Amino acid sequence: MHACLRIAEILDLIIGFMVDDTHEPDKFCRIRHQDLARLARTCKAFKDPALDVLWRTQSSLSPLIRCLPSRLRTTKRYWGRRVVSLRKEPSDEDWFRLQRYSHRIRAFDHCSRNPRPVCKNTLDTVFSPNLSQKLFPSLRTLDLAVVGYGSMFLVPHSFLVINSASLPQLVRLTFSTSYKSSCKLPPIHFKPACAPSLEALTINVRDGFDPVIVNFGDFPRLRSLNLSDLPFRPFHGGWELIHLQYLCDLTVTLPDGFDIDVHSSTQPVFPSLQRLSVSVGSLNQVADLLLSTTSSDLSSVKVSCRSPATQSDIHELFRAIERNNERSPNLGTLQVDCSSTISSIPILPVKPGDPSYDLSRSTLAPLLACHHLRVLKLHVLGELGIDDAFVARIALAWPDIEVLHLFGSSQCIPRVSLGGIHELLQRCQRLRSLYIRDRWDDCS
């Protein structure tokens, strides 16, 4: 064997040709598994690097279980699907042999392969407190919908399993389900002992669950939190959430009664927040939240309102953004949607010509102070009150704008001419997506 093949960097480069490292959203990293397996059997120099890549990301526990002797495992039908199951409890020696593969697993996540799931009892055994830490010392990413697919009919079960596990290196945890219960299920308790190093947590559950009970103060290292699909009711641990020191990304659905002003505290509120995506019942909730936030790094705000927003509501929100911009001058993305339908909650119809829902120039004016704005998407129920003169002000205020989408009522009289659009395009050289709808024949 050539001496250069003993250099780890060269081996990684060779193995990299068998891995399609895609960074596009909603696309999986594709690995040529059979080629990697052959490469691992070629010689000792290739064995460990190839096995590391082969086992790095798994979408089920079944490939690992099938490495056990055949006398210890079986395949059976479970609710119409073939699942892998343990025939009997493996010995300590059997588990020790399995560690040569399991210690290479860094993520249980969706990938291009779709192996068979495992049964509930096997899931309990593998993630038992004494065994999980030995099997998965390098596990950093865990999607419970992936490992718990075989027990998906008992939806809270996989969440209870993780509570009993010990995964000290775990930094990303996702619990989501499309299962909708026909009966009321008990609250889901999430305990910090299973993952003390957790930095990213996503919890998406359907109706039929009581609120997920999480004491966010027990997870001081959290940097990313996604609670977008929780039911519209007060979430437990909410007050601890707003004081998390390192939280940068927050996606949350605020209940209609949520009011940050009722919580008086000397601790800073969201001191490190950079990206906020929130669904609210009233825009006033977002305005109050932004005025209370102490972060100086806020760069993205996305708002979806579940009820019609009047001109005064939108103006108060934009004033809050203007004041927040004095503390966080690098706001680059703003999306406000006041016309969507959330969780089958219909938006009440707005009478044509009702001026209280219009988006006037004075309402938009506070946003002109955000000079680093790159993405602006506004969707309102009323009329867009902008004209060529205001478009000229936009061009001067937002020279780096890349995406500008303004959606208003389709029944109003157009005020922006092609000449105004031409001036905007001339001044904003980075503009790549423009959509202004204020009548049936849109300007896009």
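In helix α12, the residues D313, I314, L317, F318, A320, I321, N324 and N325 are buried (under 20% relative accessible area, with a 1.4 Å probe and protein chains only). They span an arc of only 155 degrees around the axis, which places them on the same side of α12. That arc is taken from the directions from the helix axis to the C-beta atoms. An α-helix has 3.6 residues a turn, so residues three or four places apart point the same way.

This is a predicted model: local features need pLDDT of at least 70, side-chain atom pairs count only at pLDDT 80 or more, and totals for chains, interfaces and linings use all residues. Residues are numbered from 1 along each chain as its sequence is written, and side-chain values use heavy atoms, without hydrogens and water.

Next comes the loop between α12 and β16, where S328 sits. S328 is buried, at a relative accessible area of 1%. Beyond its neighbours within four places in sequence, S328 contacts S295, S296, D297 and L298 (heavy atoms within 4.5 Å). A polar atom of the S328 side chain lies 2.7 Å from the backbone oxygen of S295.

Now confidence. The protein chain averages a pLDDT of 81 (the predictor's confidence in each residue, from 0 to 100). In the protein chain, strand β2 (residues 30-31) is lowest, at a mean of 62, and β16 is highest, at 95.

Methods:
Buried means under 20% relative accessible area, exposed over 50%, partly exposed in between (1.4 Å probe, protein chains only). Helices (H or I, at least four residues) and strands (E, at least two) are DSSP runs, numbered from the N terminus. A polar contact is a pair of N or O atoms within 3.5 Å; within protein, one must be able to donate a hydrogen and the other to accept it, and residues adjacent in sequence count only if both atoms are side-chain atoms.
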